Amino acid sequence: MTKVVNKIKESFPGVSILIVSTADKSTKYNLEMKTDSAVVPLMKAQKKYALETESGFVNLYTLMGGDGSMVKWVGETPAKANKDYTHFNQRGAKAIGKLLNDQLNEGYEEYKILREKRDSGSNKRTVRKSRPDSVSVKSDSL
């Protein structure tokens, strides 16, 4: 995926890239639904290539609640995910949209603060990793 992101950046110079990680997904283990064993390694790989390509990153798995969150979303009344323990229903999609929108707005507010600091004389490169659900790289070219 690093090659794919770099090819997109090469094809569209100056375009910002946002990597949104996988959501939680559950699988049956010993008659109990739990977070699939592939979810966390996939999310970590996505975060890694976001950092390597200096792309933005939103950890959807963490935003929706982390380990076991899909089971909770399916079990809520009304449910926000289907009983396949993989896909959101309409209510869940709306909730995910709000989570992503809130995350982007929060990131934008942090960006404005960093830009003000840069404009006031600080030209250092800053990597923001203050929260587990997002990472962004900011440089002199803000």
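Is D36 buried or exposed? I looked this up before anything else in this predicted model. D36 counts as buried, because its relative accessibility is 15% and the cut-off for buried is under 20%.

**Entry: the partner of D36.** I found that D36 meets K25 in a salt bridge, with 3.8 Å from N to O. The pair links distant parts of the chain, 11 residues apart. K25 is in the loop between β1 (18-20) and β2, and D36 is in the loop between β3 and α2 (39-52). I noted K25 as partly exposed, at 31% relative accessibility.

**Entry: the hairpin.** I then looked at strands β2 (residues 26-29) and β3 (residues 32-35), which run antiparallel and are joined by 4 bridges. The two strands form a hairpin with 2 residues between them. In the turn, N30 has a positive phi of about 50°. Y29 stands opposite E32 in β3.

**Entry: other salt bridges.** My count for the structure came to 8 salt bridges. One of them joins E52 and K48, whose closest N and O atoms are 3.0 Å apart. Both residues lie in helix α2, 4 residues apart, about one turn of the helix. K48 counts as exposed at 52% relative accessibility, whereas E52 is partly exposed at 45%.

In helix α5 I found K112 and E109, 3 residues apart, with a salt bridge of 3.3 Å between the closest N and O atoms. K112 is partly exposed at 32%, and E109 is partly exposed at 41%. I also noted that salt bridges with shared partners join R115, R118 and D119 into one network.

**Entry: aromatic pairs.** How many aromatic pairs does a search of the whole structure find? I got 2. W73 and F88 form a tilted pair, 5.4 Å centre to centre with 55° between the planes. This pair links distant parts of the chain: W73 is in helix α4 (residues 69-75), and F88 is in the loop between α4 and α5 (90-119). W73 is buried at 6% relative accessibility, while F88 is partly exposed at 24%.

The rings of Y108 and Y111 have centres 6.1 Å apart and planes at 25°, so I recorded the pair as stacked. Both tyrosines lie in helix α5, 3 residues apart.

I went back to W73 and found K80 over the face of its ring, at 4.3 Å from the ring centre.

**Entry: the surface.** Last, I noted a nonpolar patch on the surface formed by M1, V4, I8, F12 and V15, with about 460 Å² of accessible area together. V4 is in helix α1 (residues 2-11) and is partly exposed at 40% relative accessibility.

Note on methods. Residues numbered from 1 in each chain as written. Predicted model: local features only at pLDDT ≥ 70, side-chain atom pairs only at ≥ 80, totals over all residues. Heavy atoms only, no water. Pairing = 2+ DSSP bridges. Phe/Tyr/Trp six-rings, centres within 6.5 Å; stacked < 30°, edge-to-face > 60°. Buried < 20%, exposed > 50% of the residue type's maximum accessible area, 1.4 Å probe, protein only. Lys NZ or Arg CZ within 6 Å of the ring centre and 35° of its normal. Patch = residues over 30% accessible without salt bridge, like charges linked within 9 Å, V, L, I, M, F, W, Y side chains within 5 Å. Areas by Shrake-Rupley, 256 points an atom, 1.4 Å probe, with all protein chains shown as cover. Salt bridge = Lys/Arg side-chain N within 4 Å of Asp/Glu carboxyl O.
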